[in-house]
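Please consult the sequence and the structure shown here alongside the text.

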Amino acid sequence: MDRPQDASPDRFELDDEEEQDEDLDDEDFELPPAHPAFRRIFSDPLYDDQGDEFAPFGSDEGWDAMAEIVEDFTPLDPDVTLRDLAEDVLELEDDEFDATGLDETEDTDFALLGVGFTILRLTGRIDDEGRRRLITAVARQQERFGDELATLRRIAADLEELPAEG
């Protein structure tokens, strides 16, 4: 099942096309190595999949967010939060981050999954609020595109296994 064309918002393109950093489009750009704590829970090959639109780095938004974070924000502060990095990378305001309705969030969930899973991949952890927000984003994706999608079911189950920090 493919995602509708209009679900990929122009709003979350990280740079204007003429200003876009060549490295973001570089075919040689690769996912960064995964932290051992990340691999303990997120061992499924989908977490390295760049072709599955529903995998964290398979959507354009998820890949672009990861690439910008790796290039501009690493090494990450080990205490970085999803809210803070979403604000820096996606220019997401608090009310957009906190939005709950399907109509309010269709433009943000793919991008937030990219940011959140980049934090997880690089640091092996995520803040409790960020974990809850990722769980909500996956649940909304399941509601939008069908909860029968194996990728979304696996991500939801793995996020539930992730221990709370506090």
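With which residue does Arg 83 form a salt bridge, and how far apart are the closest N and O atoms? The partner is Glu 129, and the closest N and O atoms lie 2.5 Å apart. Arg 83 belongs to helix 4 (residues 82–90) and Glu 129 to helix 8 (residues 128–145), so this pair ties together parts that are 46 residues apart in sequence.

The model is predicted: local features need pLDDT of at least 70, side-chain atom pairs count only at pLDDT 80 or more, and totals for chains, interfaces and linings use all residues. Residues are numbered from 1 along each chain as its sequence is written, and side-chain values use heavy atoms, with hydrogens and water left out.

**Salt bridges**

A salt bridge is a side-chain nitrogen of Lys or Arg within 4 Å of a carboxyl oxygen of Asp or Glu. By this rule the count is nine. One of them joins Arg 121 to Asp 48, with the closest N and O atoms 3.0 Å apart. Arg 121 lies in helix 7 (residues 109–123), while Asp 48 lies in the loop between helix 2 (36–41) and helix 3 (60–72), so the pair ties together parts that are 73 residues apart in sequence. Helices (H or I, at least four residues) are DSSP runs, numbered from the N terminus.

Another salt bridge is formed by the side chains of Glu 165 and Arg 125, at 2.6 Å from N to O. This pair links distant parts of the chain, with Glu 165 in the segment after helix 9 (150–161) and Arg 125 in the loop between helix 7 and helix 8, 40 residues apart.

| Residue | Relative accessible area | Class |
|---|---|---|
| Arg 121 | 4% | buried |
| Asp 48 | 31% | partly exposed |
| Arg 83 | 18% | buried |
| Glu 129 | 30% | partly exposed |
| Glu 165 | 41% | partly exposed |
| Arg 125 | 17% | buried |

**Aromatic pairs**

Rings of Phe, Tyr and Trp (its six-membered ring) pair if their centres lie within 6.5 Å; planes under 30 degrees apart count as stacked, over 60 as edge-to-face and the rest as tilted. Eight aromatic pairs are counted by this rule. Among them, Tyr 47 and Phe 117 are stacked, at 5.5 Å centre to centre and 25° between the planes. Tyr 47 lies in the loop between helix 2 and helix 3 and Phe 117 in helix 7, so this pair ties together parts that are 70 residues apart in sequence. Both Tyr 47 and Phe 117 are buried. Together with Phe 38 and Phe 42, Tyr 47 and Phe 117 form one aromatic cluster.

The ring centres of Phe 54 and Phe 110 are 6.1 Å apart and the planes stand at 40°, so this pair is tilted. Phe 54 lies in the loop between helix 2 and helix 3 and Phe 110 in helix 7, 56 residues apart. Phe 54 is buried, with a relative accessible area of 5%, and Phe 110 is buried at 5% as well.

Terms used. Helix = DSSP H or I, 4+ residues; strand = E, 2+ residues; numbered from the N terminus. Buried < 20%, exposed > 50% of the residue type's maximum accessible area, 1.4 Å probe, protein only.
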